[in-house]
Amino acid sequence: MSKPDVLAVAKLHPFYLKALQSVYAVHERTHLTDPAAFVELAPRIVGIAASGESVVTSELLAQLPNARVLSVFGVGYDGIDVSAANALGIAVTHTPDVLTEDVADLALGLLLSVARRIPQADSYVRAGRWPEGPVELGQKVSGARLGLVGLGRIGQAIARRASAFGMKVAYTARNAKPDSGYDFYPTAAALAAQVDFLVVITPGGASTQHLINADVLAALGPKAYLINVARGSVVDETALVKALQTGQIAGAALDVFAHEPNVPAELLHLTNVVLTPHMASATVQTRQAMADLAFANMQAGIAGQKLLTPVPECTLGA
Ligand code: NAP
Ligand code: 8YV
């Protein structure tokens, strides 16, 4: 018997791809690479596999009349048209929780890196420059004030780590969380004005587009740092480059960018930034856990069984 057909709309992580291929015939981006073959294939597709960065439009979903599930390898799904999927009877799932601790680890790693200038110091030693004298002084992290833009699963995990560093934690979110014990600010600008480090960890998409704009960066000020591990779309990159170039903020550490994998050329030449290639959940253990969960969701969705982790807006799926 032939394997059921699944469409991969992104270049999938090998762990996820391998698991899918054990059960399904996986068609890798056929809608883009071979549109003629896709016309014949589309009615046979029962599942769609995506990454957290994938864009899946209502137009593409409408071409897949027998798709039952869209399983995202990632917690973010801002590029997926979930309401169109609901309307077409396609359940959308993602991989929350299994990556929370890794993303929080990287957020703290980036914060420490930019404040203590660890990458710059590494380059200094490698370049044989230590005999010239000591490196530029860094900024103290322990005891500093941390602002979190977003206090969900990952934001809370970052807050726990920051508390262990003796940092004073405050946050903004859609809703105040009085039980958290952290100070709530109603806007990102109000929060930015009160902190030494501002960490962005909201979903992407229209509702958070440029939440961190020129006004927020001005409020953050010349002694404070921005760390973004959310989505590039949440920060106005043009305003950020300007703020970094003019010393309006002290520095930035960025794991995500507006047009990945492209990074603004200006950032590459600045010495007060630390840049990583969207790798906050990229450990062997977490990638495997994400693959296992995304695969389990795919299997459940195709079999019409209860989904493990549907996205909150998904109205379908047992
Ligand atoms: P989550 O539990 O849903 O938390 C999201 C938080 O963002 C919540 O506190 C929410 O506020 C807040 N929020 C949402 N919209 C907002 C808005 N318009 N203004 C202010 N705050 C807003 O999600 P999570 O698991 O922590 O993940 C967060 C995001 O991290 C993901 O969606 C993804 O984009 C990103 N991420 C990035 C990487 C990476 O590799 N860099 C890895 C994983 C995740 P309320 O609590 O009030 O609802
Ligand atoms: C992944 C992410 O790197 O979970 C997310 O939302 O951004 C990251 O964990 C990505 O989804 C895998 O492509």
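**Note on domains, cores and a helix pair**

1. The domain assignment, whose bounds come from an automatic or database source, divides the chain of this predicted model into domain 1 (5-98 + 285-303) and domain 2 (100-275). Their C-alpha centres lie 32 Å apart, and 10 residues of domain 1 are in contact (heavy atoms within 4.5 Å) with seven residues of domain 2.

2. Residues are numbered from 1 along each chain as its sequence is written, and side-chain values use heavy atoms, with hydrogens and water left out. Because the model is predicted, local features need pLDDT of at least 70 and side-chain atom pairs count only at pLDDT 80 or more, whereas totals for chains, interfaces and linings use all residues.

3. The largest nonpolar core has 78 residues, and Tyr-16, Leu-70, Leu-146, Leu-148, Ile-158 and Phe-197 have the most contacts inside it; such a core is a set of buried Ala, Val, Leu, Ile, Met, Phe, Trp, Tyr and Cys residues joined through side-chain atoms within 4.5 Å, buried meaning under 20% relative accessible area (1.4 Å probe, protein chains only). Helix 6 (residues 100-116), a DSSP run of H or I with at least four residues, supplies the largest share, nine residues.

4. Leaving aside residues up to four places away in sequence, Phe-197 touches Leu-111, Ala-115, Lys-140, Val-141, Ala-144, Arg-145, Leu-146, Gly-147, Met-167, Tyr-225 and Ile-227.

Technical notes:
Chains are lettered from A and ligands numbered from 1 in the order in which they are written. Buried means under 20% relative accessible area, exposed over 50%, partly exposed in between (1.4 Å probe, protein chains only). Helices (H or I, at least four residues) and strands (E, at least two) are DSSP runs, numbered from the N terminus.
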